[in-house]
Amino acid sequence: MSAFKDIGFLTAEDGAVTVDWVVLTAAMVGLGLSVMGVVSTGVESQSEDISDYMTDSNLVKTYFGLRTVNGSFEDVFGLAATSWGHRGASTEGWTSLNGQQFEVVESGHGGVIAYDGDYFLDMDASPGNNSIVQTLEDTRPGEEYTLSFAALDRQGSNSVEVYWGGELVDTINAGRDWGTYEYTVRGDAGDGSNTIELRETGTSNNVGTYVDAISFGAD
Ligand SMILES: [Ca+2]
Ligand SMILES: [Ca+2]
Ligand SMILES: [Ca+2]
């Protein structure tokens, strides 16, 4: 029979463990705080340096300046190859509002060199004018953004309506050479959908306004 039968608490570890934990934790927190004090000053200074560098060198602007997905129509994955480029019901980042196919034309076809990269979009598909849309992610309500793109109209018979958030921003009649168009829009303006829409409205004759380099970004 144990002599400690009635004084079991002597062998109980609960209390001891709790005391150890409190002491050790307090020590670790104290150590952590002192390390943090030293490190945070350095990290803060480093962060500011990096921020200054990125802002000065326009790295931030470049990154945020092209927030459309596939705005230059360079991603032809999943599209069917044709003699003049690629076509498909939709293309990365873009869908058609009126069920027209995307005609992504290869640079050089018909003597037209892409404004940017190797491809541009013909807004007049077969059989008709296309209306394309993309929803921008991560826009902030009320913040100003620049929406821009390049356009060209070989025939002089086509026009494009430009919409932001469901509201008409402009109607353009592009020239025979690439021209650029730029607008200032606000996050959540119009119906709050944060959508870019380009609607071809010219003569429906298979050849439409060519568009390229659709970009969107903060100033
Ligand atoms: Ca392009
Ligand atoms: Ca066409
Ligand atoms: Ca046309």
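**Exercise 1.** In this predicted model, find which residue of β9 is the bridge partner of Val160, and describe how β8 and β9 are joined.

*Solution.* Begin with Val160, whose bridge partner in β9 is Ile172. Next, widen the view to the whole pair: strand β8, residues 160-164, runs antiparallel to β9 and is joined to it by five bridges. Finally, look at the turn of this hairpin, where two residues lie between the strands and Gly165 takes a positive phi near 60°.

**Exercise 2.** Work out where β9 stands in its sheet, and how many of its six residues are buried.

*Solution.* First write down the strand order of the open, five-stranded sheet, which is β3-β6-β11-β8-β9 with antiparallel pairing. The edge strands are then β3 (95-96) and β9 (167-172), each of which pairs on one side only. To be buried, a residue needs 20 or more other C-beta atoms within 10 Å of its own; the count of such residues in β9 is zero, and the strand is hardly covered. Elsewhere in the sheet, β6 (residues 131-135) and β11 (residues 195-200) pair in the antiparallel sense over five bridges, and Ser131 stands opposite Arg199 of β11.

**Exercise 3.** Determine which element gives the most residues to the largest nonpolar core, and follow the contacts of Tyr119.

*Solution.* The core holds 34 residues, and Tyr119 and Val104 are among those that touch the most other members. Elements giving two or more residues to this core include β4 (102-106), β5 (119-122) and β12 (210-218), while β7 gives the most, with six. Leaving aside residues up to four places away in sequence, Tyr119 touches Val104, Val105 and Phe73, among others.

Notes. Residues are numbered from 1 along each chain as its sequence is written. Chains are lettered from A and ligands numbered from 1 in the order in which they are written. This is a predicted model: local features need pLDDT of at least 70, side-chain atom pairs count only at pLDDT 80 or more; totals for chains, interfaces and linings use all residues. Two strands pair if DSSP finds at least two bridges between them. Helices (H or I, at least four residues) and strands (E, at least two) are DSSP runs, numbered from the N terminus. A residue is buried if 20 or more other C-beta atoms lie within 10 Å of its own, exposed if 12 or fewer, and partly exposed in between; C-beta atoms are placed from the backbone. A nonpolar core is a set of buried Ala, Val, Leu, Ile, Met, Phe, Trp, Tyr and Cys residues joined through C-beta atoms within 7 Å. Two residues are in contact if their C-beta atoms, placed from the backbone, lie within 7 Å.
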